[in-house]
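Try each task before you read its solution.

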Amino acid sequence: MSTGRVWKYGDDVNTDVIFPGRYTYTLMPPEEMAKHALEDLDPEFAKTVKPGDVIVAGKNFGCGSSREQAAACLRAAGVKAVVAKSFARIYFRNAINLGLAVLQCEEASAALSAGDPVDVDFAAGTITSGPLTFRFFPLPESVIGIVQAGGLIEYTKKKLGL
Amino acid sequence: MGQTFSEKILSQKAGRKVQAGEVVTVSPDICLSHDNSAAIIGEFKKIGVPRVKNPEAIVIILDHIVPAADEKYAQNHKTIREFVREQNLPHFFDIQHGVCHQVLPENGFALPGKLIMGSDSHTTTYGAFGAFAAGIGRTEAASIWATGEIWLRVPETLKVEFHCRFAEGVYAKDAVLKLIGDHGADRANYEAIEFCGPAAGEFSLSARMTLANMAAEMGAKNGYFIPDALTLAWLKARTLLPFEVVQSDPDASYEAVLTYDLSALEPQIACPHTVDNVKPVSAIAGKPVQQVLIGTCTNGRLEDLDIAARILKGRTVSPGTRTLVLPASRQVYLEAVRKGTIEILSEAGCVILNPGCGPCLGAHQGLLAAGETVVSTSNRNFRGRMGNRDSEIYLASPATAAATALEGKITDPRTLL
């Protein structure tokens, strides 16, 4: 397993700081979106994030706008998962639909700090950091099909027999 | 056990009796999108069906960056217009109509008992008319275009009861800011909010729209007001479509009930950089302000512009405070012109913008510079929202915004009454 590192943020990280409105209505490829990820919260993030890194935040992650780029840009930046105490409703749906792992885990959210080594084992349902292991809240059964299909577009294609 | 409004409507749509917590697959009556339709078209094409499933259920309203601010936005709009023609979509509103959350109700699509999904977080607004209306993402909208269906979790319901009447100078916006400030931006996450109590029936439709719009800022999936005689009279002139009023049963189960005495409320203001950082205006009065924005889908209706005009009539806004007026729609704009409201505001030195989303989301028309402060009647004050991460956004009622424009500093409107 490759180990990433933790980017730690607080409560109520909103979609405007994850992906600013000034870029929202321009069509851009995911790798371009990644350059603006978290631009108004932490300008260092997009410059130094590495594939496999994990964002750890507090409650209500992704509150605000319905813009999907706020999920897409993190996925394109190589973020392996977002771990939070809770997620805002539309963000949670968008992340699943786009294949960004959103893991609800209050213990990991409280225990992990910026720069900690971290890995996620999806099959085992665990987040590990050094000697620490946390279990994350499993996804609701209703959406597992979407994740297994690789996102909503693939899921819909399958449903339509395409 | 009775059912809440949300349980009832999702039961009807699912064809079986459901309760909070269950997941249903349902067919929305309306799927709204705006300038983001260009991105939705891209996702729709990836799915690979040649035609949308139900053209009648699709409403597209261009409002976010209108008229196009640059060539990229212009190309987006062009892509959308071409798709609308190619798919023969009957409900397309080009740039002249206004903000989707005002235009959709004005055109009779926001009806009691309807299930409305919108690719915009403030889709909750249509709960003001007794619809079940929730925001979704772009990929989900594309999937509805292709299949006509979406999965939804049946929400628990938070009841908010309003009692008594507002004191002078206090409005629905103050009530909703107080509610969000007291309980936090995630208090209603995944939940429905039913706004009720004796005072809710006395709110104008405009005030109900302000509250339902801002339900999103408490994390709510949808907001709801019981449709009454006022609602039905408003709708009568706007639709020929059949609809059914759906209400909660008296013995429905609520997650919690919050109660507010409106007579005890004073003007409220949300301070940077979260909507739940709310204080009484009187607590921060005197802070210099370089820009004021009166309007948007939250507070850009005739009633709101009239409140501002009453304060600004015969006076001039402070020379150091750029004051922008953004009517929610062309219908509102026309009413305000005919009534003389626009004349009063323009004479007072306000800049009248064309109906649309404008500077609210930081894309164009009146963005901020570093170090500047704005008082806005819109719904979000997140860092960078109006174009600069080092500016400060305060959210308040049209009365507080107008009083602030006049004085050039944050001002309790009751001091000018």
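**Exercise 1.** Find how far apart the C-alpha centres of domain 1 and domain 2 of chain B lie, then describe the side of domain 1 that touches domain 2.

Solution. 
- Start with the distance: the two C-alpha centres lie 24 Å apart. Domain bounds come from an automatic or database domain assignment.
- Next, take the contact: 31 residues come from domain 1 of chain B and 30 residues from domain 2 of chain B. Two residues are in contact if their C-beta atoms, placed from the backbone, lie within 7 Å.
- Then find the main contributor: H6(B) gives the most to the domain 1 side, with 6 residues. Helices are DSSP runs (H or I, at least four residues), numbered from the N terminus.

This is a predicted model: local features need pLDDT of at least 70, side-chain atom pairs count only at pLDDT 80 or more, and totals for chains, interfaces and linings use all residues. Residues are numbered from 1 along each chain as its sequence is written, while chains are lettered from A and ligands numbered from 1 in the order in which they are written.

**Exercise 2.** Locate the largest nonpolar core and say which residues touch the most other members.

Solution. 
- A nonpolar core is a set of buried Ala, Val, Leu, Ile, Met, Phe, Trp, Tyr and Cys residues joined through C-beta atoms within 7 Å. Buried means 20 or more other C-beta atoms within 10 Å of the residue's own, placed from the backbone.
- The largest core has 192 residues; Val82(A) and Leu312(B) touch the most other members.
- Helix H11 (residues 302-312) of chain B gives the most to this core, with 7 residues.
- Domain 1 and domain 2 of chain B both give residues to this core, so the core lies between them.

Terms used. Buried ≥ 20, exposed ≤ 12 C-beta atoms within 10 Å, placed from the backbone. Helix = DSSP H or I, 4+ residues; strand = E, 2+ residues; numbered from the N terminus.
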